[in-house]
Amino acid sequence: MKTFAHVLSGTLLALTLASCATVTPAPTPKFIIDDATYHATGQNERIQFIVLHYTAENDADSLDILTNGNVSAHYLIPKNDGDKIYQLVFDDKRAWHAGNGSFAGRSVINDTAIGIEIVNEGIAKEFRGEKGYHPAAHFVEFDDLQIQKVAFLVKHLAEKYRIKPTQIIAHSDLAPQRKIDPGAKFPWQRLYQDYQIGAWYDAADKAAFMDAALFSQTSIPEIKALLRNYGYAINDTPEWDKASQNVVYAFQLHFRPQQPTGQMDLETFAILKALDKKYNNER
């Protein structure tokens with residue numbers, strides 16, 4: 001005579017065996033993906049920025065940090081490895097190089113940027129403990145071969161992804177509150193003049209804007225609006241507070257590297273006006 005326990009046990013066994021039975025999946029229908037007939041006009045390149053950095057380390061330590069740590073870059077330009085340029089992250093992958101910051105209205109730069117790290121000490125060791133804005137003399141020169149590699153790589157990437165001149169930027173441009181790389185010794189003007197890379201002002205326009213009266217008549221919020229229009233994230237208060245001075249210093253590192261002070265002076269103003277005149281229709 002079967003007990004309730006026997007019946008229940010048999011039922012559970014049947015259910016278990018049924019659950020182990022092989023289920024044949026339904027065939028997946030096949031369709032055609034047509035990627036040739038229609039194309040949307042509402043699109044642009046996913047990669048929109050090239051960001052230049054220095055590592056503040058030597059070759060070996062730079063490679064170790066960028067391949068084993070929680071920071072990475074798409075490319076590394078070594079100092080002592082001949083004609084090599086190392087690609088550490090493929091272009092279509094997201095590298096972790098930009099961090100917190102913004103430029104040209106974008107606050108998540110890693111998603112749309114290619115990061116290039118250059119092996120360079122940055123601030124010379126004897127000056128690293130000093131506070132305040134480092135003058136140009138505190139920064140370490142880049143090797144000429146490294147700059148040639150930078151020019152080759154950036155020109156290739158800018159043409160491939162149709163990156164605007166104003167969006168080939170320094171790490172300090174997007175993060176002026178915490179970064180100063182690639183620093184005052186990085187030759188932005190040479191890249192522009194010798195290789196047609198990046199943005200630079202026209203000397204004639206700068207000379208025309210070296211107008212003390214115009215400078216004195218332009219309010220602080222108006223000057224900040226020019227910086228913001230170029231791409232820098234800056235507040236709109238009517239004073240040059242520390243955060244605003246950091247932005248001015250970053251701007252000077254890029255466009256007036258011989259004398260980066262953090263102070264908005266006539267020459268910095270004239271350069272900013274010249275850049276706005278040249279590029280305000282391209283952003």
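**View 1. Helix H10 and its length in the predicted model.** The 14 residues of H10 should span 20 Å at 1.5 Å a residue, and this agrees with its end C-alpha atoms, which are 20 Å apart. The expected span is 1.5 Å times one less than the number of residues; helices are DSSP runs (H or I, at least four residues), numbered from the N terminus. Residues are numbered from 1 along each chain as its sequence is written. In this predicted model, local features need pLDDT of at least 70, side-chain atom pairs count only at pLDDT 80 or more, totals for chains, interfaces and linings use all residues, and side-chain values use heavy atoms, leaving out hydrogens and water.

**View 2. The buried residues of H10.** Among them are Phe-269, Ile-271, Leu-272 and Tyr-279 (buried: under 20% relative accessible area, 1.4 Å probe, protein chains only). The buried residues of H10 pack against helices H5 (188-195), H6 (203-209), H7 (212-217), H8 (220-230) and H9 (242-255), where contact means heavy atoms within 4.5 Å.

**View 3. Thr-268 in H10 (residues 266-279).** Thr-268 counts as buried because its relative accessibility is 0%. Its side chain makes a polar contact of 3.0 Å with the side chain of Gln-252 (N or O atoms within 3.5 Å, one able to donate a hydrogen and the other to accept it; residues adjacent in sequence count only if both atoms are side-chain atoms). Not counting residues up to four places away in sequence, Thr-268 touches Val-248, Phe-251, Gln-252, Arg-256 and Gln-263.

**View 4. Phe-186 and its contacts.** Leaving aside residues up to four places away in sequence, Phe-186 touches Leu-52, Ile-118, Phe-142, Ile-147, Val-150 and Leu-191.

Key
Helix = DSSP H or I, 4+ residues; strand = E, 2+ residues; numbered from the N terminus. Buried < 20%, exposed > 50% of the residue type's maximum accessible area, 1.4 Å probe, protein only.
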